[in-house]
Amino acid sequence: MRKLRDLRTRAGFMATRSLGLWRRLRGSLARRGLKATLQRALREFRRGPLPIAPVAGQPQQDVVDISLPSWPQPQVSIVIPVYNKIAYTLACLQSLAQHAASASFEVIVVDDCSSDDTQERLAEVENLRVIRNAQNLGFVGSCNAGAAAAQGEFVLFLNNDTVVTPDWLEALLRCFAEQPDAGLVGSKLVYPDGRLQEAGGIVFRDGSGWNFGRFEDPADPRYNFRREADYCSGAAILLRRALFERLGGFDQRYAPAYYEDTDLAFAVRAAGLKVYYEPRSTVIHFEGITAGTDVGSGTKRYQVVNREKFLEKWKDALALQPAPIDDAALAPRAATFRANRRLLIIDACTPTPDQDSGSLRMVNLMRLLRALGWQVTFFADNRLYEKGYTEALQALGVEALYAPYMNDPIRLFRQRGAEFDAILLSRHYIAINYLGLARLYAPKARLIFDTVDLHYLREQRAAELEGSEDLRRRAERTRAQELKLIRECDATLVVSPVEKDLLARELPRARVDILSNVHEVFGCRRPFAERRDLVFVGSFQHPPNEDAMLWFARDIFPQVRAALPAVRLHVIGQPVPESLREFANEQLILHGFVADLEPYMDGCRISVAPLRYGAGVKGKVNMAMSYGLPVVATPAAVEGMHVQAGSDVLVAADAQAYAEAVIRLYHDEALWNTLSAGGLANVQKHFSFEAAKQALARILA
C-alpha cells in the first residue's frame, strides 16, 4: 500500500508540475517570443558548478624557501604546536605562505621538544616566530604558551598536520564580522583523499562525540551552511585572544591532550557566546599523524581518560545535549538541535537579491526567521546551485539543497517531512506542485502559501490594459489556482492591505496575513545639490517593468528632456529587453545588471516608477525611499504602500502629469527634502526589519 501511495503521489506531482511548466512556457512565448523564451529557459535550467573537494598528497621533507608574510600589527596570531613530523609542519607553513591573501597574521610555532630536525628546519623559514619549550608540555601546554606570546586580536590554533586552502582565514573572520554573537569559529576539515572529516562536532549528554559528516562528500549541502556546533576540532579554530585569556586558556586538567577543544567550546557558550562551524573555511587534515588513532595506547589514551573529567565538569550543561545516537540519518537533526523550530521553504529559483525585489524580500525573511530561532531549509524548484547566491544563503545559516544531492523532492518529503513545523510554498505555480506532498508527508507542519504578489490581479490588470482576451483567460486560470491554494493552506501571505482586502471579499473564511517587503534603512547620505539624473531599477523578467520603461521612454522622457536637456536616465535591470534598445542613447542609458546600486541611490536626484499595472508592493519604490531618494510614481506603483502623495512621494497617472512632476521635483529642493524625509519615515514604519520581525513573529506564533 505504501509503494502504491508513493507511486500515486509521484505521478500526481509530475503531472501537476508538467502542466504548470507547459502553461508557463505558453505564457512566456506569448509575451517574450521564441528567442527570449529560449534564453530564459537556458538561464533557469543550466547546471551551475558544484563546490569541489580539495585533495592533498603526502608532505615532502624537501620543502625549501618558505617565506611567510610580515605585518607590524597582525590581526590574527596562528599558533601551531609541533612535536617532530617536520615534513607535515613544513607543508603546513608552505600552505600558509601560499594562501596568505588579505588577512594579516603572524605564525607562532611552539616546538614541544622535538627530537628530529624540526629546530634546524624551522630556522630556515622567513618571518616565522618559534618558541621551543624547555620541557615537554603536550598539546594543551604548547597551545597556551603560543597564545601567551600572541600579538593579534585573534588567536587561531592550527595543527601542524594540516594544509590550508584559499580563503580559509578570511572565511573565519567573515563569520565573526557577520555573527556578533560568535565566540569561537571552526573550519571544515577534509581528509587528503577529499572525503569530509568533520563539519563541526556533536556532543551527546554522555560526553561522547560525533564528527558530523565524517567520510561524506564535503560538497553535500547538509555540510555547507554556517551553523552552531557543539564544538569544533582544535585542528583549526579561531577566537578572540581576549576571550581566550578571560577563559583561562585551554584547561590544564586535560593535559597533555584531548577534550580541551570541546571543553573550550562549552566555556565559550557559558560566557554567553556561540560556537560556529564555517564551511567556507576548508582545511585539509592528516588526522592522527602525531597522536595516532589507537585510544588504548600513547597520547590517544587520554581521549578516554579526559572524557570522564569533561563529564564531571560539564554535567549540568551536558544534561541539555541530545541523547547518543547510532544512526547517521539522525545526525543532521542532532547537529541543529538548538533550533527552536524548523521551516522548509520552496520557491521557483534561488533568490538573487541584487536583481529583483521578490528575491530581496525572501532573503530578508530568511534572515529574520534565523533571528527568531528557526532552522530554515530551502530548495528551488529548479534545484540549481547558483554560484554566489546559494553560498549567501548558506552564510545566513540556511540549509540550501541543490542537485545532484537533492534531485527527488518526493524522497526529501518522505524522509524528512515529519521534522518540519512549517512549510512555506512561494508563488502559486510552484506551490501547487508541492501542496499534496506536504499534506501527505508532513501532516503536522503548518502550511503557508506566500503569494509574493497576487498574480491573478496583476494578470487581470495587464489584460485590461492590453484589451487581450487571451490574457483574461490566463488570469482566470491563475485566479482559480491561487484561490485553491489559499483555501487549502493554513495561512496565506500577501504584501499589501489592498490584496488582503480583496481576498477578504473573495474568501472571507481564509486566514490571510500581510508580510510585506523588508528593507534596511540606509538614510539620505548626499544632499540635493550633489545629485543629478534619474534612475529606474527593476528586473525585466517581470513584464510590468518592460511596459513601464517603454511608456516612459516613448511618452514621458521626451517631455522631461525638453525642459531638462542635460538630464540622463539610468535604466538598471536585466535582461535588457530588445524593445528598449531603440531608445538607448547617451541620455537613456541601459546598464543591465549592476552589482552595486549604492552609487545610483546616493547620486541620482529622482527615482522613477512609471508602472501602468501590477500587484503587490514595489521593491523599487521601497528601496529608493530607504536611501532617502525621492520617487515619482504612478498610482499602480504605490498601491498598498501607506504613502501620502506630496509628502512621501509624487504621484501622477498620465504621461504629461508624470513629466511635469519629474521636472518640478528636479528643481525644487524644499520639496525634494520633504519627500526624502517622508519616504524614509514610511519605510522605517512599514517596511523595515523591525516591522517585518513583529509581523513574522505574529504570523508564526
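I shall speak about the overall build of the chain, then its cavities, and finally some points of backbone geometry.

First, the basis of what I report. This is a predicted model, in which local features need pLDDT of at least 70, side-chain atom pairs count only at pLDDT 80 or more, and totals for chains, interfaces and linings use all residues. Residues are numbered from 1 along each chain as its sequence is written, and side-chain values use heavy atoms, with hydrogens and water left out.

Let me turn to the overall build. The protein chain holds 24 helices and 25 strands; helices (H or I, at least four residues) and strands (E, at least two) are DSSP runs, numbered from the N terminus. Its radius of gyration is 29 Å, close to the 27 Å that the globule rule gives for 701 residues, so the chain is as compact as a globular protein of that length. That radius is taken over C-alpha atoms, and the globule rule is 2.2 Å times the number of residues to the power 0.38. Along the principal axes, the C-alpha atoms fill a box of roughly 85 × 70 × 45 Å.

Of the 701 residues, 56% are buried; buried means under 20% relative accessible area, exposed over 50%, and partly exposed in between, with a 1.4 Å probe and protein chains only. Contacts are heavy atoms within 4.5 Å. Among contacts between residues at least 6 apart in sequence, 75% join residues at least 24 apart.

Next, the cavities. On a 1 Å grid over the protein atoms alone, a cavity is a set of points where a 1.4 Å probe fits but cannot get out, and its lining residues have an atom within 4 Å of a point. Grid points are joined across faces, edges and corners, and a volume is the space filled by probe spheres set on the points. There are five cavities of 30 Å³ or more.

The largest cavity has about 110 Å³ of space. It is lined by 14 residues, and F225, P332, T336, E399 and R416 are the closest to its centre. Helix α10 (331-335) and strand β14 (374-380) each give at least two residues to this lining, and the largest share, three residues, comes from α10.

Finally, the backbone. A cis peptide bond joins A255 and P256, with omega about 5 degrees, and P256 sits in the loop between α6 (241-246) and α7 (260-270). Y258 is found in the loop between α6 and α7; its phi is positive, near 90 degrees, although Y258 is a residue other than glycine. Y258 is buried, at 19% relative accessible area.

A cis bond also runs from Q574 to P575, with omega near -10 degrees. P575 lies in the loop between β21 (569-572) and α19 (578-581).

Key. 1 Å grid on protein atoms, 1.4 Å probe; cavity = no way out; pocket = protein on both sides within 12 Å on 5 of 7 lines; lining within 4 Å.
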